[in-house]
Amino acid sequence: MTGSRAHTLFSFGTLMDERVQTALFGRAVPTSPASLAGYTTRPLKITDPAVIAASGLDVHLILERRLGASVEGAVLHLTDQELAAADAYEVDDYTRRRVVLSSGESAWAYLDAKPLRPAERIVVVGDSIAYGRCDPRGGWAGHLAAAHISGNEAERRLFNLAVPGSTLADVSEQTPALLAARRPDTLLVAAGINDSAVPLAGAEGDAESDAGADGTVDFAQLTGSLDALAATALGHNARLVVAGPSWLDEDRTRAYEGLRFTRARALALRVFLRSWCEANHIDHLDLWEPLRERTDLLVDGLHPTAEGHRALYEHLDALGR
């Protein structure tokens with residue numbers, strides 16, 4: 001185990017079984033009792049023969065958010081190789097994400113791979129597209145709120161705190177003060193198109209504008225903003241979900257409120273978001289495809305029509321719930 005890092009993994013099911021541990025890791029691993037606040041469990045039918053053979057069960061448990069509840073389990077102390085073996089053991093319904101245990105310790109846990117499905121209290125932050133501009137029904141977030149709350153009127157909430165014109169830097173600065181009163185378990189960050197915009201005032205001979213024209217841009221500031229949002233979410237034991245960006249019609253968005261938008265730069269933002277999320281074990285819901293080449297679903301080449309917002313919601317819902 002020389003050179004291998006130590007990992008803490010919260011288990012609430014079959015991974016606590018020493019027989020499963022021996023089958024996966026070749027040994028019974030060190031464990032200690034732990035609990036996870038803000039969660040409950042529900043049964044999950046397993047069909048993978050190898051997983052059933054290892055656990056002896058065709059029904060496992062999966063975590064679901066529940067304000068005031070808690071799940072008892074254990075922390076497993078694993079090497080790099082053992083963590084990889086645990087990843088391979090879990091079926092596609094699960095994904096590994098960071099959680100905060102009742103002790104205050106951060107640990108890995110296997111959560112529902114559909115990040116919005118187990119949510120109870122969702123906070124949405126972002127820009128004018130997340131805000132629902134050009135749709136009197138509140139845009140894609142309004143559709144999501146209606147569907148989410150209708151599933152459990154007594155317990156579920158969705159707070160849309162998006163502000164038109166916001167960048168990720170704005171969102172990362174403003175969000176921490178907004179969360180405590182809402183008690184979110186899920187922070188849905190709509191990483192909109194403003195982060196790919198170039199100010200028109202610098203369009204001629206400006207290095208940033210030249211970078212924006214071909215999509216090559218320094219994303220160091222965006223990394224800092226996303227890192228800050230990840231820390232904010234974890235501090236509230238909330239799951240960070242990053243959505244966006246959506247497709248734009250470059251021919252109609254060359255000059256908009258002092259900004260210039262290009263598809264190349266928006267695509268660079270899309271690639272960056274996906275890469276950052278993968279590297280940091282954060283959920284990414286890609287909203288590019290629903291509006292691709294559908295300029296009729298855009299009011300001004302940038303903001304979706306009511307029908308465009310509906311298309312974004314249906315795509316996001318399929319990915320997230």
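**Notebook: cavities and a helix pair**

I looked up the second largest cavity and found it lined by Tyr39, Leu63, Glu64, Arg65, Leu111, Asp112, Pro115, Pro118, Ala119, Asp185, Thr186 and Arg239. This is a predicted model, where local features need pLDDT of at least 70 and side-chain atom pairs pLDDT 80 or more, while totals for chains, interfaces and linings use all residues. Residues are numbered from 1 along each chain as its sequence is written, and side-chain values use heavy atoms, without hydrogens and water.

I took a cavity as a set of points on a 1 Å grid over the protein atoms alone where a 1.4 Å probe fits but cannot get out, with lining residues having an atom within 4 Å of a point.

Strands E3 (59–78) and E5 (106–112) each give two or more residues to the lining of the second largest cavity; E3 has the largest share, three residues. Strands here are DSSP runs of at least two residues, and helices (H or I) of at least four, numbered from the N terminus. I noted a volume of about 70 Å³ for the second largest cavity, as the space filled by probe spheres set on the points.

I searched the whole structure and got two cavities of 30 Å³ or more. Of its 14 lining residues, Ile129, Gly192, Pro245, Ser246 and Leu287 are the closest to its centre.

I then checked helices H9 (residues 220–235) and H10 (residues 263–279), whose axes (lines fitted to C-alpha atoms over the stretch in contact) come within 12 Å and cross at roughly 40°.

Definitions and conventions: Axes fitted to C-alpha atoms, helices over the stretch in contact; angles between N-to-C directions. 1 Å grid on protein atoms, 1.4 Å probe; cavity = no way out; pocket = protein on both sides within 12 Å on 5 of 7 lines; lining within 4 Å.
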